[in-house]
Amino acid sequence: MAKSTFLEKLSERVDRIDKEELLHILTDMAQEKSAMESVLQSLGDGIVLLDPSGRVLFANRACIALLGWNTKSVTGAPIRELLGNPEIAHVFLSETMETAQSVHREIQVYAPRTMLLSLDLLPIRGERGGVLGTAAVLRDISEKRRME
């Protein structure tokens with residue numbers, strides 16, 4: 001029998017859980033999510049999390065600044081629209097989702113400015129091993145390449 005996920009276990013018991021316990025569980029989950037977002041926001045590298053259809057679930061400040069995105073229009077937006085370049089969007093979307101493997105690429109982008117980006121794409125796996133989305137780590141390596 002397959003291992004049940006946390007949410008499946010919770011949904012099976014929800015009618016037996018009292019309101020205080022449920023509130024406690026939801027509060028803990030919200031605090032964990034907040035802590036994770038704080039860590040991701042504090043990183044110097046750009047981080048963007050995508051769902052399987054390519055919609056942005058989360059982008060940290062470094063990513064938003066690096067790519068020149070408007071902070072109000074990021075969450076829920078398709079990465080294709082945000083990037084404005086179908087070839088680069090294809091790299092973000094297809095390789096990791098199709099292969100379920102981590103991918104490293106260096107890509108040249110021209111907006112908001114010309115730069116060479118180091119791009120690491122990592123599959124986000126669920127408890128059962130299926131790919132639930134993609135985590136992308138972006139770093140501007142333009143200056144490093146010029147010095148080399």
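# Close-up views of the predicted model

View 1. Residues are numbered from 1 along each chain as its sequence is written, and side-chain values use heavy atoms, with hydrogens and water left out.

Back to Glu-106: its side chain meets that of Arg-145 in a salt bridge, 2.3 Å from N to O. A salt bridge here is a side-chain nitrogen of Lys or Arg within 4 Å of a carboxyl oxygen of Asp or Glu. This pair links distant parts of the chain, with Arg-145 in helix 6 (residues 142-147) and Glu-106 in strand 3 (residues 103-109), 39 residues apart. Helices (H or I, at least four residues) and strands (E, at least two) are DSSP runs, numbered from the N terminus. Arg-145 is itself partly exposed, at 32% relative accessible area. A salt bridge also joins Arg-145 to Glu-148, this time at 3.0 Å from N to O. Shared partners put Glu-106, Arg-145 and Glu-148 into one salt-bridge network. Glu-148 is exposed, with a relative accessible area of 63%.

**View 2. Arg-139 meets Asp-45.** The structure holds five salt bridges, and one of them joins Arg-139 to Asp-45, with the closest N and O atoms 2.8 Å apart. Arg-139 sits in strand 5 (residues 131-140) and Asp-45 in the loop between helix 2 and strand 1, so the pair ties together parts that are 94 residues apart in sequence. Arg-139 counts as partly exposed at 33% relative accessibility, and Asp-45 does too at 25%.

View 3. Look for Asp-51 in the loop between strand 1 (46-50) and strand 2 (56-59). Side chains of opposite charge can pair when their charged atoms come close.

The side chain of Asp-51 does make a polar contact with the side chain of Ser-53, at 2.8 Å. A polar contact means a pair of N or O atoms within 3.5 Å; within protein, one must be able to donate a hydrogen and the other to accept it, and residues adjacent in sequence count only if both atoms are side-chain atoms. Leaving out residues up to four places away in sequence, Asp-51 touches Leu-57, Leu-132 and Gly-133, where contact means heavy atoms within 4.5 Å.

**View 4. The largest pocket.** Its volume is about 660 Å³. On a 1 Å grid over the protein atoms alone, a pocket is an open set of points where a 1.4 Å probe fits, with protein on both sides within 12 Å along at least five of seven lines; lining residues have an atom within 4 Å of a point. Points are joined across faces, edges and corners, and the volume is the space filled by probe spheres set on them. The pocket is lined by 15 residues, and Met-29, Lys-33, Met-36, Ile-124 and Leu-132 lie nearest its centre. Helix 1 (6-13), helix 2 (19-42) and strand 2 are the elements that give two or more residues to this lining. Helix 2 gives the most, with five residues.

**View 5. Val-48 and its neighbours.** Val-48 belongs to strand 1 and is buried, at 0% relative accessibility. Not counting residues up to four places away in sequence, the residues touching Val-48 include Val-56, Phe-58, Cys-63, Trp-69, Phe-92 and Leu-138.

**View 6. Ser-142 in helix 6.** Ser-142 is in helix 6. Is Ser-142 buried or exposed? Ser-142 is buried, with a relative accessible area of 8%. Neighbours within four places aside, Ser-142 is in contact with Met-115 and Leu-116.

Conventions. Predicted model: local features only at pLDDT ≥ 70, side-chain atom pairs only at ≥ 80, totals over all residues. Buried < 20%, exposed > 50% of the residue type's maximum accessible area, 1.4 Å probe, protein only.
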